Amino acid sequence: TLDVTETVVFRFEGGTFREVFGEIPARRTDGIEVIRAEMQGVPLPFGTEAGTAEVRQRNGRVRVVWRFRPVEDVTRTFVLNYRVKGVLRQEGGADLLVWRATPGEHAYTIGTSTLRFELPASPIAAPGVTTRKTGSFDVVRSGNTVEVSAERIGTNGWIDTALRLPAGSVLATPPLWQQRAARIQEQSLNWIAGAATVVGA
């Protein structure tokens, strides 16, 4: 389980704003649980009216919407804490974590972003970082901690980080979604083999 705390500072310019939202990809996970949502250091109850945060599933993603009184030309800080189950997988002789901490789709630019991973074991290889529409980035690794910092992330730009941990250091068995995928692949191969036998006959 990945315990995530996101702190996002929005600068509202050029209009009146009543809400912001963030989306968490649920694909290749065993589920996402939203724990807490804050605005300006104040926890918000879950709901659908102003002064609350709404959580809903949407197209394979979890969307969190903060609603508030209209604001113009101000800066506001939003915090979201959530847990992602089954996010690590077994692959290539390692326990693999692949995570996109920045949103994949956003109509605004991001000035700077810092991702800090506190891991249960030291990675066995250098972190893999893939970016889109992003300026310079830097990776600092110290023991069980990896920090990725980036600047000038453009519209719909993102950062993916891949971390390979020693096999068995986190996972005793694959996550449920990976087990299901393996069963589907095995069944597909059996169907293909069966079809080939029929065709041959």
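## Nonpolar core

The largest nonpolar core has 37 residues, and Trp66, Tyr82, Leu97 and Trp99 make the most contacts inside it. Such a core is a set of buried Ala, Val, Leu, Ile, Met, Phe, Trp, Tyr and Cys residues joined through side-chain atoms within 4.5 Å. Buried means under 20% relative accessible area, exposed over 50%, and partly exposed in between (1.4 Å probe, protein chains only). At least two core residues come from each of E1 (2-11), E2, E3 (31-39), E6, E7 (75-85), E9 (94-100), E10 and E13 (145-166). Strand E13 gives the most, with seven residues. Strands (E, at least two residues) are DSSP runs, numbered from the N terminus. In soluble globular proteins, nonpolar side chains tend to be buried together.

The model is predicted: local features need pLDDT of at least 70, side-chain atom pairs count only at pLDDT 80 or more, and totals for chains, interfaces and linings use all residues. Residues are numbered from 1 along each chain as its sequence is written, and side-chain values use heavy atoms, with hydrogens and water left out.

Contact means heavy atoms within 4.5 Å. Leaving aside neighbours within four places in sequence, Tyr82 touches Leu2, Asp3, Val4, Glu6, Ile24, Ile32, Glu33, Val34, Ile35 and Trp99.

Thr161 lies in strand E13. Thr161 is buried, at 1% relative accessible area. With neighbours within four places in sequence again left aside, the contacts of Thr161 are Leu97, Val98, Trp99, Leu115, Phe117, Gly128 and Val148.

Two strands pair if DSSP finds at least two bridges between them. Ten bridges join E1 to E7. Val9 has Thr77 in E7 as its bridge partner.

Another open sheet has three strands, ordered E2-E6-E5 and paired antiparallel. Its edge strands are E2 (17-25) and E5 (52-58), each pairing on one side only. Seven bridges join E5 to E6 (residues 61-71), and these strands run antiparallel. Arg56 stands opposite Arg63 in E6.

## Aromatic pairs and charges over rings

Rings of Phe, Tyr and Trp (its six-membered ring) pair if their centres lie within 6.5 Å; planes under 30 degrees apart count as stacked, over 60 as edge-to-face and the rest as tilted. The count comes to eight aromatic pairs. Phe10 and Phe78 are edge-to-face, 5.7 Å centre to centre with 80 degrees between the planes. Phe10 lies in E1 and Phe78 in E7, so this pair ties together parts 68 residues apart in sequence. Phe10 is buried at 14% relative accessibility, and Phe78 at 2%. Phe68 and Phe78 form a tilted pair, 5.9 Å centre to centre and 40 degrees between the planes. Ring pairs link Phe10, Phe12, Phe17, Trp66, Phe68, Phe78 and Tyr108 into a cluster.

A charge sits over a ring if NZ of Lys or CZ of Arg is within 6 Å of the ring centre and within 35 degrees of the ring normal. Arg63 lies over the face of Phe21, 3.9 Å from the ring centre. The charged end of Arg100 sits over the ring of Trp158, 3.9 Å from its centre.

## A buried loop residue

Ala121 is in the loop between E10 (110-118) and E11 (128-134). Ala121 counts as buried, at 12% relative accessibility. Beyond its neighbours within four places in sequence, Ala121 contacts Asn144, Leu165, Pro166 and Ser169.

Notes: Helix = DSSP H or I, 4+ residues; strand = E, 2+ residues; numbered from the N terminus.
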